[in-house]
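Here are my notes for you on this one, in the order I'd look at things. Have the model open while you read.

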Amino acid sequence: MPPLGRPGGRHHEAPPRSLSFAGGIMNSISPIGTAIGARRWKPTPVISGTIALHAGAAAAVAAQHAWWPWAAGSVVASHLALTAAGLWPRSTLLGPNWTALPASAGNRIALTIDDGPDPDVTPRVLDLLDRYDARATFFCIGDAARRYPHCVEAIAARGHAVENHSQRHRHHFSLQGPRALRREIEAAQNTLTEISGVRPLFFRAPAGLRNPFLEPVLCALGLQLASWTRRGFDTRNRDAEAVSRRLLAGLAARDILLLHDGHAARDAQGKPIVLEVLPTVLKAAHDAQLRWTTLRAALDSRPPSPGCTTLTQAPKLAGAPAEANRQPDGTQ
Ligand SMILES: [Zn+2]
């Protein structure tokens with residue numbers, strides 16, 4: 001078992017001496033009163049700088065045509081920098097991005113499970129989570145949810161959170177423009193809301209890759225981008241021990257872990273890696289007296305996002321039932 005540690009600067013509350021397993025109390029922060037409504041997009045300094053650079057380059061060429069190679073060069077360089085920021089999943093250069101839980105989460109950690117639902121793996125993941133009375137956040141793919149709605153219903157019914165991982169999980173997601181991004185994300189919002197009965201509040205980009213058009217779309221749909229603190233590469237790595245090591249080395253309060261129930265790698269016996277890794281991770285967290293929470297439960301008491309201004313009107317979802325916009329009480 002790798003040693004558990006705490007990176008510097010992290011607030012760590014004194015853990016309780018005993019853990020309550022009754023009614024899932026160990027996973028809660030407090031009842032959810034917080035909902036992310038549509039927000040006004042506010043560009044990050046990098047985006048503002050890029051816009052200013054474009055204007056400056058245009059003005060320079062207008063004033064002195066011979067300067068065009070320099071102007072074009074600086075514009076190309078700024079685009080390359082934005083592209084690099086989009087290829088870095090944990091970057092906050094393009095907009096707010098949860099790479100860890102907020103300080104108010106105390107000694108809680110979050111388990112996020114991507115790319116499902118999968119009719120073979122998801123039910124077994126749910127059973128393992130029940131064994132430790134742990135609540136997780138499932139970033140579901142809309143098309144998979146449509147194929148296996150009973151899995152999404154089971155995720156919600158057993159107290160976990162269902163969040164948005166796009167409708168089709170396309171590999172070229174990050175190459176799309178704002179309209180296509182919105183179509184893809186809004187389709188998943190509608191699908192997941194309709195099946196789970198709860199509107200997703202978080203979005204995770206396929207493979208974590210994105211572009212500068214994503215954040216304005218998320219603001220309009222009332223979604224918060226979430227990445228992770230540490231991931232095990234369990235869709236590629238067939239060595240469960242190595243995956244566990246990656247997830248648990250230095251595990252600390254407020255960490256967001258990433259595993260997969262969809263696209264899961266399998267070991268030599270054909271067993272999905274996540275099913276071998278999960279008991280180790282759940283036991284390690286229990287032994288370290290870290291408590292599980294969902295991302296949406298951690299929203300409570302969180303200070304407003306610096307990148308967006310909350311508007312009063314929540315986004316309307318086409319085709320979503322009226323009760324679908326209700327928020328869960330968040331008590332787990
Ligand atoms: Zn994914």
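1. Start with Pro-206, which is buried because 20 other C-beta atoms lie within 10 Å. (Buried means 20 or more other C-beta atoms within 10 Å of a residue's own, with C-beta atoms placed from the backbone.) You'll find Pro-206 in the loop between strand E5 (202-203) and helix H7 (214-221). Helices (H or I, at least four residues) and strands (E, at least two) are DSSP runs, numbered from the N terminus.

2. A word on the basis: this is a predicted model, where local features need pLDDT of at least 70, side-chain atom pairs count only at pLDDT 80 or more, and totals for chains, interfaces and linings use all residues. Residues are numbered from 1 along each chain as its sequence is written.

3. Who sits around Pro-206? Leaving aside neighbours within four places in sequence, Pro-206 is in contact with His-165, Ser-166, His-169, Arg-170 and Phe-173. (Contact means C-beta atoms, placed from the backbone, within 7 Å.) His-169 is 37 residues away in sequence, yet 5.5 Å away C-alpha to C-alpha.

4. Now look at strand E2 (residues 108-114): seven of its seven residues are buried, so E2 is largely enclosed by the rest of the structure. Arg-108, Ala-110, Thr-112 and Asp-114 cover one side, with Ile-109, Leu-111 and Ile-113 on the other.

5. E2 also has parallel partners: five bridges join it to strand E8 (residues 256-260), and three join it to E3. (Strands pair if DSSP finds at least two bridges between them.) Ile-113 stands opposite Leu-259 in E8, while Thr-112 stands opposite Thr-137 in E3.

Conventions
Buried ≥ 20, exposed ≤ 12 C-beta atoms within 10 Å, placed from the backbone. Contact = placed C-beta atoms within 7 Å.
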